[in-house]
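This report covers strand pairing and the ligand site of one model. The sequence and structure come first.

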Amino acid sequence: MKITEARVIVTCPGRNFVTLKIVTDEGIYGLGDATLNGRELSVVSYLQDHVAPCLIGRDPQQIEDIWQYLYRGAYWRRGPVTMTAIAAVDTALWDLKGKIANLPLYQLLGGRSRTGVLVYGHANGADLSSTIDEVGRYREMGYKAIRAQSGIPGLDSTYGVSKDRMFYEPADNDLPTENFWSTSKYLDFVPKLFEKLRDAYGPEPHFLHDVHHRLTPLEAAQLGKMLEPYRMFWLEDTVPAENQEGFRLIRQHTTTPLAVGEVFNTIWDCKTLLQEQLVDYIRTTVVHAGGITHLRRIADLAGLHHIRTGSHGATDLSPVCMGAALHFDTWVPNFGIQEYMRHTEETDEVFPHDYRFEDGFLYCGESPGHGVDIDETLAEKYPYQRAFLPVNRLEDGTMWNW
Ligand code: CS2
Ligand code: MG
């Protein structure tokens, strides 16, 4: 069997998605997600101009060799664009291998470790009371784990709280909009939110919260300590993680579980965090961390240090990524949780899939490969639209972390 085509498909059913379709001389194909939110076209070019020509004529079953060829062979290693492109190829090849073997992807990885994949949903509210109500709605929908983000009194807009009451944060605008941030207003408010949520819903639900890299290590330690009475499932991305050693300070001061890693793209980005057990959950994903082949290596290193997986699953990751992630989650021994922000109906129509949500869990399907397809005719109806994530400033105008 030989690869005859590697086609890049860009579509925007509400937001931009980039998909790689690897086609073989025997007519079967595999799909990989290649979406890098706000920087989509750089991965399109990387794949079309630099990767696709090298794939033609290769045996698609040589997943490991092709991975090493693209990683080592490029000379320029790592980085989100490179690793998203490699991930797209890798995911498409695992999908193809499943179709060749007539087995669902989780079977190729070693079989089922669990019946279903625990997911967390996003409850966002403009203020305290609407956030509490929204968490209640998620409880009614069956979610066992819920991330709560609320508007902060005194701040006009807050990350994670959608302006249009959509259940997900859409890509923003044709040019980046600007948000404003105050650490003191935030630190004053967040512990009250989780105190009220525990009062309202008791000890059972798992609560999560995303700080989106806004704090310093000392502030993160303070927040972690203040949240300890409310027994968080996790506190996510408290600080930017380029400086992995910075987590030592947070870790020394709080027992609130820490999650990090949605922006990481290789094992090198989390080596110290994992080896020193400075976090509890690693959020690397199939699409941004080099595909199944590389994510498996990260998960194995994490497992040695009692760290579990908690893959990123926002709506800027396409259903193709979600399908592959659910097979990974079904297999990976040190699974923790999977993020699940529902896609819109338009997106689900472009990407027909066999995974399903039931009572707080997602279940991957049993069809060969990762079980997600693309309707290319429908995809064509939604051309690419430039869209950026917002940026963030302190109240005095200083650029801050998004
Ligand atoms: C967030 C994301 O899901 C999350 O935890 O941090 O919404 C993130 O902002 C986007 O995926 C960025 O592309
Ligand atoms: Mg996050």
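## Terms and basis

Strands (E, at least two residues) and helices (H or I, at least four residues) are DSSP runs, numbered from the N terminus. Two strands pair if DSSP finds at least two bridges between them.

This is a predicted model, in which local features need pLDDT of at least 70 and side-chain atom pairs count only at pLDDT 80 or more, while totals for chains, interfaces and linings use all residues. Residues are numbered from 1 along each chain as its sequence is written, chains are lettered from A and ligands numbered from 1 in the order in which they are written, and side-chain values use heavy atoms, with hydrogens and water left out.

## The β1–β2 hairpin

Eight bridges link β1 (residues 3–11) to β2 (residues 17–24), and the pairing is antiparallel. One of the bridge pairs is Arg-7 with Lys-21 of β2. Five residues separate the two strands of this hairpin, and Gly-14 in the turn has a positive phi of about 105°.

## The three-stranded sheet

β6, β15 and β16 make up an open sheet with mixed pairing, in the order β6-β15-β16. Its edge strands, β6 (178–181) and β16 (399–400), each pair on one side only.

On one side, β15 pairs with β6 in the parallel sense over four bridges; Phe-180 has Arg-393 of β15 as its bridge partner. On the other, β15 (residues 391–394) runs antiparallel to β16, with two bridges between them. Here Arg-393 stands opposite Met-399, and Asn-392 has Trp-400 as its bridge partner. β15 and β16 form a hairpin with four residues between the strands, where Gly-397 takes a positive phi near 100°.

## The ligand 1 site

Polar side-chain atoms lie 2.6 Å from an oxygen atom of ligand 1 for Glu-262, 2.9 Å for Asn-37 and 3.0 Å for Asp-210. Taken alone, ligand 1 exposes 340 Å², and the protein buries 91% of that; accessible areas come from the Shrake-Rupley method with a 1.4 Å probe.

Notes. Polar contact = N/O pair within 3.5 Å; in protein donor to acceptor, adjacent residues only side chain to side chain.
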